[in-house]
Amino acid sequence: MTQSIPGFAYRRVTVADGVELNVAVGGSGSPIVLLHGFPETHLMWRHVAEDLAADHTVICPDLRGYGDSDKPAETGPDVYSKRTMAEDTVAVARALGHERFALAGHDRGALVAFRAGLDHSDIISHLACLDVLPTVDMWEALHGVQAAVGFHLYLMAQPPGLAEQMIQNSSDAFFSYFLDTWANDPDAVPPAVRRVYLDACRNAVPSIVADYRASAGIDIEHDRADRAAGRKITVPLSVLQQDWGAALGYEAAALWGAWAEDLDHSTLSCGHFMAEEAPDTIAKALRALMAR
């Protein structure tokens, strides 16, 4: 990749045997880790990261399987489970000298952040999730023809082979579809950044599919077990999302409220790529979260 977050240093951090993540680090002060979504890389946080770096240490990794991070083979369902990726996040922060940190995630990164909030409440001080539902709630909310908006979820939930072949054969068209249709502001992802995303996705089709496949299997199992046990996120949680519930027939704040002891839920009018379409709003929300 040729694009980077200005003023941030880059390094590779070992998070597991044979797995290193590409990590951008900038600023100083109390730490916050920012996890990217699909079909992006850590670069989606570039505006927010520069803003927060004025008074925080900001850590932006590429998730395993994405960007310039390692892409281990899917040898089992746990390789790309959100539990494993949450452990990666803790390992990154710890390698950089932080035993406790705030965490924000968007899209796929928000699912990792959610899992980290449940599994590592002693390490995560504050949590933000952008434009998702918890995995088990997401699948339960999709029904009827309205579920067509999530066609990619069903495609990548299939056993290994067909989805990877189909997507690899039309990679740029596939990933461009989401960049084009999920953004309210097409200028939020300029051509140079768009090229970074498309190049990164083209080189990561098997691992991206494996990430989504985990969300149709092992991640649901983990969520169901926690829901049955009554486990909740105990740290301050901010959720910012579009009004998907109006189209799909659910009340997002209520679904999130069932998982959180201290929830602040907001509906934004921007498109899915919030950190790029409304960076000032997201940076302000994250600062407000960390002040709670």
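Helix α2 is followed by G97, whose phi is positive, near 95°. Helices here are DSSP runs of H or I with at least four residues, strands are runs of E with at least two, and both are numbered from the N terminus. The model is a predicted one, in which local features need pLDDT of at least 70 and side-chain atom pairs count only at pLDDT 80 or more, while totals for chains, interfaces and linings use all residues. Residues are numbered from 1 along each chain as its sequence is written, and side-chain values use heavy atoms, with hydrogens and water left out.

With 14 residues, α2 reaches 20 Å from its first C-alpha to its last, close to the expected 20 Å, where the expected span is 1.5 Å times one less than the number of residues. Several of its residues are buried, among them K82, M85, D88, T89 and V92; buried means under 20% relative accessible area, exposed over 50% and partly exposed in between, with a 1.4 Å probe and protein chains only.

Turning to the sheet, 8 strands make up an open arrangement of mixed pairing, in the order β1-β2-β4-β3-β5-β6-β7-β8. Two strands pair if DSSP finds at least two bridges between them. At the edges are β1 (9–16) and β8 (263–267), each pairing on one side only. From one strand to the next the twist averages 20°. Strands β1 and β2 (residues 19–26) run antiparallel and are joined by 7 bridges, with A9 standing opposite V25 in β2.

Two helices can be followed onto this sheet. Helix α2 (residues 82–95) packs on the sheet and touches β1, β2, β3 (30–35), β4 (56–61) and β5 (101–106), contact meaning heavy atoms within 4.5 Å. The direction of α2 makes about 125° with that of β1; axes are lines fitted to C-alpha atoms, for helices over the stretch in contact, and angles run from 0 to 180 degrees between N-to-C directions. Helix α14 (residues 279–290) also packs on the sheet, touching β3, β4, β5, β6 (124–130) and β7 (237–241), and its direction makes about 150° with that of β6.

In the loop between β3 and α1 (46–52) lies P39, which is joined to F38 by a cis peptide bond with omega about 0°. D107, in the loop between β5 and α3 (108–119), has a positive phi of about 60° although it is not a glycine, and D107 is buried at 7% relative accessible area. The loop between β6 and α4 (135–141) holds D131, a residue other than glycine with a positive phi near 60°; D131 is buried, at 5% relative accessibility.

Aromatic side chains form 14 pairs, counted when ring centres of Phe, Tyr and Trp (its six-membered ring) lie within 6.5 Å, with planes under 30 degrees apart stacked, over 60 edge-to-face and the rest tilted. F174 and F178 form an edge-to-face pair, 5.1 Å centre to centre with 75° between the planes. These two residues are separated by about one helical turn because they are 4 residues apart in helix α7 (residues 171–181). F174 is buried at 10% relative accessibility, and F178 is buried at 0%. Ring pairs link F174 and F178 into a cluster with F38, F151, F175, Y177, W182, Y212 and F273. R108 lies over the face of Y212, at 3.7 Å from the ring centre; a charge sits over a ring if NZ of Lys or CZ of Arg is within 6 Å of the ring centre and within 35 degrees of the ring normal.
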